[in-house]
Amino acid sequence: FKNDREIFLIAVTKDGSALENANEEFKNDREIVLAAVTQYGRALEYASVELKNDRDIVLAAVTRYGYGLEYANEELQDDYEIVLTAVTEDGSALKYASSELKNDREFVLAAVTENGD
């Protein structure tokens, strides 16, 4: 069943961490990866490089696991909405934000306000 896409999609919907053991084809399958990170944000770590660059997938991941910002590409680490979402979920994710955002007073103020810390 490990190579059966339909069964694997159901599996990651219930346990996104299953993406870790997926074959490369599934790690590069947008629907499978989106289902995995929606259930378990940390699954972004196991996605293909291409899908780590997909804004929708990264946003879904950091909504559940802010620290997942670590696995996003530099461009997405500079995306205001993605980084704010990540920092709101986990304030320590700020360390993976771009230098531009970390040095933007308004952004940091919004992030701290959203995070409540």
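Student: Which residues are exposed on the other side of H1?

Tutor: In this predicted model, Glu6 and Lys14 are the exposed residues there.

Student: Which residues of H1 are buried?

Tutor: Phe8, Leu9 and Val12 are buried in H1. Around the axis they cover an arc of only 105°, which puts them on the same side of H1.

Student: Why do residues three or four places apart point the same way?

Tutor: Here is the general idea: an α-helix has 3.6 residues a turn, so positions three or four places apart point the same way. Now try it by eye on H1, and find Phe8 and Val12 among its buried residues.

Student: What do the buried residues of H1 pack against?

Tutor: They pack against two helices, H2 and H3, the latter covering 30–39.

Student: And what can I find at the start of H1?

Tutor: Look there for aspartate 4. One of its side-chain oxygens comes to within 3.1 Å of the backbone nitrogen of glutamate 6.

Student: Let's turn to rings. How is a pair of aromatic rings described?

Tutor: With two values: the distance of the centres and the angle of the planes. This structure holds four aromatic pairs. In one of them, phenylalanine 8 and phenylalanine 26 have ring centres 5.2 Å apart and planes at 25°, so this pair is stacked.

Student: Where do phenylalanine 8 and phenylalanine 26 lie?

Tutor: Phenylalanine 8 belongs to helix H1 (residues 5–14) and phenylalanine 26 to helix H2 (residues 24–27), so the pair ties together parts that are 18 residues apart in sequence.

Student: Are phenylalanine 8 and phenylalanine 26 buried or exposed?

Tutor: Both phenylalanine 8 and phenylalanine 26 are buried. For contrast in the angle, take tyrosine 65 and tyrosine 67: their ring centres are 6.5 Å apart and their planes stand at 65°, so that pair is edge-to-face.

Student: Which residues form one aromatic cluster?

Tutor: Tyr65 and Tyr67 do, together with Tyr96.

Student: Next, salt bridges. How many does the structure hold?

Tutor: It holds seven salt bridges. Start with arginine 5 and aspartate 29, whose closest N and O atoms are 2.7 Å apart. This pair links distant parts of the chain, 24 residues apart: arginine 5 is in helix H1, and aspartate 29 is in the loop between H2 and H3.

Student: How accessible are arginine 5 and aspartate 29?

Tutor: Arginine 5 has 31% relative accessibility, so it counts as partly exposed. Aspartate 29 has a relative accessible area of 14%, so it is buried.

Student: What else does aspartate 29 reach or touch?

Tutor: Its side chain reaches the backbone nitrogen of glutamate 31 at 3.1 Å, and that of isoleucine 32, also at 3.1 Å. Leaving aside residues up to four places away in sequence, aspartate 29 touches Arg5 and Leu51.

Student: Which residues are linked with Arg5 in a network of salt bridges?

Tutor: The network joins Arg5 with Asp29 and Glu31. Glutamate 31 has a relative accessible area of 44%, so it is partly exposed.

Student: What does aspartate 56 form a salt bridge with?

Tutor: Its partner is arginine 30, and their closest N and O atoms are 3.0 Å apart. Aspartate 56 lies in helix H5 (residues 55–64) and arginine 30 in helix H3, so you can follow a link between distant parts of the chain, 26 residues apart. Aspartate 56 is partly exposed, at a relative accessible area of 46%, and arginine 30 counts as partly exposed at 36%.

Terms used:
Residues numbered from 1 in each chain as written. Predicted model: local features only at pLDDT ≥ 70, side-chain atom pairs only at ≥ 80, totals over all residues. Heavy atoms only, no water. Phe/Tyr/Trp six-rings, centres within 6.5 Å; stacked < 30°, edge-to-face > 60°. Helix = DSSP H or I, 4+ residues; strand = E, 2+ residues; numbered from the N terminus. Buried < 20%, exposed > 50% of the residue type's maximum accessible area, 1.4 Å probe, protein only. Arc of directions from axis to C-beta. Contact = heavy atoms within 4.5 Å. Polar contact = N/O pair within 3.5 Å; in protein donor to acceptor, adjacent residues only side chain to side chain. Salt bridge = Lys/Arg side-chain N within 4 Å of Asp/Glu carboxyl O.
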